[in-house]
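Here is a short note for a colleague who is opening this structure for the first time. Please read it with the model on screen.

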Amino acid sequence: MYCTNTVSFKPASKTTSMSIQPYTEDQNDALQEVVNIAMGQAGDSLARILGHFVGLSVPRIRLVTVEDVIKTVTDMVDENAEISAVRQAFSNALRGEAIVAFAQAGADDLADLMGYDTDLDQSAEQELLLEVSNLLVGAVINGISDTLKTDLSFSAPSLMAQRTPLDQVLVPEQLSWSHALLMEVNFTVEDRDFHCHLLMFMTEGAIDTLRDILDEFMDSI
Amino acid sequence: MPASNATASLLNFIVDRAHMGIFVVNQKREILLWNQFMEIHSERKADTVIGQNLFEAFPELPKKWLDRKIENIFILKNFSFTSWEQRPYLFKFAHNRPVTGGVDCMRQDCTLMPIKDSCGEVQYVCFTLFDVTDTSIYQSKLEETTEKLRELSNRDGLTQLFNRRYVEEALGKEFNRARRYHSKLSVILTDIDFFKKVNDVHGHLAGDEVLREISRRLASGLRGTDTLGRYGGEEFLVVLPETDTQGAYVLAERLRKTVQAKPIEIEGASLIINISLGITELRESTAAYAQLIAEADLALYQSKENGRNCVTLFQPGF
């Protein structure tokens with residue numbers, strides 16, 4: 001069991017209706033529960049490492065288009081802001097990619113939170129972002145695979161963008177999919193600037209695989 | 001996966017001989033397994049390090065950082081990674097490119113894997129260490145080349161000043177910045193007087209030399225924050241952040257005088273060359289950066305009308 005006393009769920013700031021429903025209501029409920037647990041574990045891991053109270057939004061799960069994705073990240077930070085972003089792939093039973101986007105102001109705060117000198121050189125700052133991303137993604141992946149009794153593995157984190165204007169991080173023309181299942185959550189640290197946004201994407205094939213896994217999971221309980 | 005005896009000895013063999021470093025530590029950081037790759041590159045036999053504390057056996061390791069990373073695996077039960085791009089190596093090993101390398105020691109990517117007991121508690125951490133020296137060399141060559149290409153694509157071949165695309169881009173960025181922070185921004189557009197005559201009388205090679213020399217003189221008269229580019233044939237654009245028209249006027253006069261200060265010597269001829277200049281600045285009503293260029297161009301036209309070799313400030317109504 002993980003301890004929840006350092007983690008709190010906050011209501012989501014806004015909800016978006018799905019245009020296409022990939023799952024039945026029961027499947028959706030089950031998935032939401034599984035993702036809540038996994039994201040909660042991620043928040044708990046972060047809280048343990050930072051020694052601070054970590055808040056997280058209610059995880060949102062929805063089918064998105066490429067345009068939605070850009071807007072999702074834009075909602076998080078103001079339009080002119082620069083962000084740093086880390087990506088990791090997950091594979092095995094489910095294939096997809098996870099992206100953790102850090103608002104720049106918060107990235108500066110992170111060094112302090114992690115107990116490092118605040119004027120880090122570029123490599124040290126990158127290493128810190130990779131570390132936190134890996135911690136969150138790893139916890140979520142482990143949480144999902146533990147609950148659903150599936151095997152999931154994940155790749156080493158790599159830097160997608162550092163101090164890059166938002167509109168250059170995800171360029172719609174470079175994305176080769178039209179729809180993806182997006183699971184997302186926001187992490188904040190109480191009284192600090194640090195916040196980050198975890199996005200997990202699965203595209204067509206994985207959406208179907210997940211449906212089967214959810215059915216098996218619901219049969220087993 | 002229960003392993004038969006045959007499989008177990010096969011696995012032992014593979015772990016030992018695989019072309020990557022594999023070693024295992026327990027919670028006390030004592031080394032429990034040390035494969036052949038680690039033996040060869042550390043020049044330490046397994047039996048001399050097994051049972052020893054990792055940091056005592058290898059005091060050159062970044063202890064504070066690595067110890068914390070290992071501890072986090074015991075706490076979080078999570079895989080962890082290190083990459084050569086942020087931290088070039090954990091162990092200072094020689095690489096197998098002593099001749100063609102160009103880097104001091106082996107670049108390493110590392111994966112730290114939690115090994116759990118039946119209760120799910122982490123008992124050991126397994127390190128796999130990959131030699132990525134080749135990748136790092138290709139990567140830095142690629143970066144060098146990209147940097148060279150970027151530099152080339154921004155420069156005007158003849159004068160070595162920034163080209164039109166670059167200087168317009170710079171103006172666009174400064175325009176956005178000045179709008180956001182309500183700061184000042186001026187531009188100067190300048191044109192060589194009677195340049196066509198230089199070409200006609202002395203030939204195009206002489207004309208090229210005049211362009212190069214004037215480029216040098218313009219560049220020498222600017223401040224570090226100004227951006228100078230060749231805008232057209234004999235036209236140059238200067239972007240002046242944090243500068244109003246007064247400041248821009250002082251600078252423009254300095255450029256005008258610097259250019260005509262001494263004759264340009266070409267092929268036996270000694271030419272006094274003058275320039276005309278037009279200035280404008282960012283105002284509340286300025287719609288886009290292109291408007292600044294258009295206004296400076298109108299002011300420049302006015303300088304030409306006024307007899308050349310002078311500076312004109314743009315005024316609405318030109």
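1. Ground rules. This is a predicted model, in which local features need pLDDT of at least 70 and side-chain atom pairs count only at pLDDT 80 or more, while totals for chains, interfaces and linings use all residues. Residues are numbered from 1 along each chain as its sequence is written, and chains are lettered from A and ligands numbered from 1 in the order in which they are written.

2. Chain A overall. Chain A has six helices and nine strands. Helices (H or I, at least four residues) and strands (E, at least two) are DSSP runs, numbered from the N terminus. Chain A holds 221 residues, and 40% of them count as buried. Buried means 20 or more other C-beta atoms within 10 Å of the residue's own; exposed means 12 or fewer; partly exposed lies in between, with C-beta atoms placed from the backbone.

3. Contacts in chain A. Two residues are in contact if their C-beta atoms, placed from the backbone, lie within 7 Å. Take the chain A contacts between residues at least 6 apart in sequence: 75% of these join residues at least 24 apart.

4. A helix pair in chain A. H1(A) (residues 25-50) packs on H4(A) (residues 122-148) at about 140°, and their axes are 8 Å apart. Axes are lines fitted to C-alpha atoms, for helices over the stretch in contact, and angles run from 0 to 180 degrees between N-to-C directions. H1(A) and H4(A) are therefore oblique to each other. Angles under 35 degrees count as roughly parallel, over 145 as roughly antiparallel, 65 to 115 as roughly perpendicular, and the rest as oblique.

5. What meets in that pair. Residues of H1(A) in the contact include Val34(A), Ile37(A), Ala42(A) and Ile49(A). From H4(A) come, among them, Leu135(A), Val140(A), Gly143(A) and Leu148(A). By class, this contact has 13 nonpolar, four polar and no charged residues. Ala, Val, Leu, Ile, Met, Phe, Trp, Tyr, Cys and Pro count as nonpolar; Asp, Glu, Lys and Arg as charged; the others, Gly among them, as polar.

6. Where the chains touch. In this contact, 12 residues of chain B meet 15 residues of chain A. H5(B) (63-76) and S3(B) (80-82) each supply at least two residues of the chain B side. H5(B) gives the largest share, three residues. The chain B side has four nonpolar, six polar and two charged residues.

7. A sheet in chain B. Five strands form an open, mixed sheet in the order S7-S8-S6-S11-S12. S7(B) (227-230) and S12(B) (311-313) are the edges; each has a single partner strand, so one side of each lacks a neighbour in the sheet. The twist averages 20° from one strand to the next. Strands pair if DSSP finds at least two bridges between them. S6(B) (185-192) and S8(B) (235-241) pair antiparallel over seven bridges. Val187(B) has Val239(B) in S8(B) as its bridge partner.

8. A helix over the sheet. H11(B) (289-305) lies across S6, S8, S11 (275-281) and S12 of chain B. H11(B) runs at about 140° to S11(B).

9. Two residues to check. Lys77(B) is not a glycine, yet its phi is positive, about 60°. Lys77(B) sits in the loop between H5 and S3 of chain B, and counts as partly exposed because it has 16 C-beta neighbours inside 10 Å. His182(B) also has a positive phi, near 50°. His182(B) lies in the loop between H7 (164-181) and S6 of chain B. With 8 C-beta neighbours inside 10 Å, His182(B) counts as exposed.
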